[in-house]
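I opened this model to note down what could be looked up in it. The entries follow in the order in which I made them.

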Amino acid sequence: MIPKTLGKLGLKTAYGYIEKDPEHNLPKLMEWVDRLAGDGPNSFLVQRDAFRTVINDPDNNMHQLLMNIFREVDNDVLKATFLL
């Protein structure tokens, strides 16, 4: 189990990376998540595949919504939500 402080630091680092360029950095972050999660029965493989489909397809409505959220929602609100 990851200690709570280490988990928060990881999320803060991930958010800082995403906020710089979400369109470009989300797929890279997903690769990182894939390496850490592995392929075991508790690795959320189906959910990760669904998320990967969304972030890699600019024509996908959910992709457009996600990018719109990063562009339109106040950065402090996003950060507070992401780091809860």
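**Entry 1: Arg48.** I began with Arg48, which sits in helix H3. The model is a predicted one, and I read every value below with that in mind. Is Arg48 buried or exposed? I found a relative accessible area of 7% for Arg48, which is under the 20% cut-off, so Arg48 counts as buried. I then listed its contacts, leaving aside neighbours within four places in sequence. Arg48 touches Met30, Val33, Asp34, Ala37, Gly38, Asp39 and Ser43.

**Entry 2: Phe44.** I moved to Phe44, in the loop between H2 and helix H3 (45–55). I noted a phi near 55 degrees for Phe44, a positive value in a residue that is not glycine. I flagged the value because most residues other than glycine have a negative phi. The relative accessible area of Phe44 is 58%; the cut-off is over 50%, so I recorded Phe44 as exposed.

**Entry 3: the whole chain.** I stepped back to the chain and counted five helices and zero strands. In sequence order the pattern reads α-α-α-α-α. I took the box along the principal axes, and the C-alpha atoms fill roughly 35 × 30 × 15 Å. The chain has 84 residues, and 21% of them count as buried. I also checked the contacts with a separation of 6 or more: 45% of them are between residues 24 or more positions apart.

**Entry 4: H1 and H5.** I looked at how H1 and H5 pack. Their axes come within 10 Å and cross at roughly 145 degrees. The crossing of H1 with H5 is right-handed. Which residues make the contact? On H1 I listed Leu11, Tyr15, Ile18 and Glu19, and on H5 Asn75, Leu78, Lys79 and Phe82. Sorted by class, the contact of H1 with H5 has five nonpolar, one polar and two charged residues.

**Entry 5: H2 and H4.** I repeated the check for H2 and H4. These axes come within 11 Å, at a crossing angle of roughly 115 degrees. H2 and H4 also make a right-handed crossing. From H2, the residues Pro22, Glu23 and Leu26 meet His63, Leu66, Met67 and Phe70 of H4. By class I recorded five nonpolar, one polar and one charged residues in the contact of H2 with H4.

**Entry 6: the largest pocket.** I asked how much space lies in the largest pocket. The value is about 630 Å³. The pocket is lined by 24 residues, and Leu11, Ala14, Leu29, Val33 and Phe82 are the closest to its centre. Which helices each supply at least two residues of the lining? I noted helix H1 (4–20), helix H2 (22–37), helix H4 (61–72) and helix H5 (75–82). H1 gives the largest share, eight residues. By class, I counted 20 nonpolar, three polar and one charged residues in the lining of the largest pocket.

**Entry 7: Glu72.** I finished with Glu72, in helix H4. Its relative accessible area is 60%, so I put Glu72 down as exposed. I also took the C-alpha separation from Glu72 to Met30, and it came to 22 Å. The two residues are 42 residues apart along the chain.

Note on methods:
Residues numbered from 1 in each chain as written. Predicted model: local features only at pLDDT ≥ 70, side-chain atom pairs only at ≥ 80, totals over all residues. Heavy atoms only, no water. 1 Å grid on protein atoms, 1.4 Å probe; cavity = no way out; pocket = protein on both sides within 12 Å on 5 of 7 lines; lining within 4 Å. Points joined across faces, edges and corners; volume = space filled by probe spheres on them. Helix = DSSP H or I, 4+ residues; strand = E, 2+ residues; numbered from the N terminus. Nonpolar A, V, L, I, M, F, W, Y, C, P; charged D, E, K, R; others polar. Axes fitted to C-alpha atoms, helices over the stretch in contact; angles between N-to-C directions. Left-handed = near helix turned anticlockwise from the far one by under 90°. Contact = heavy atoms within 4.5 Å. Buried < 20%, exposed > 50% of the residue type's maximum accessible area, 1.4 Å probe, protein only.
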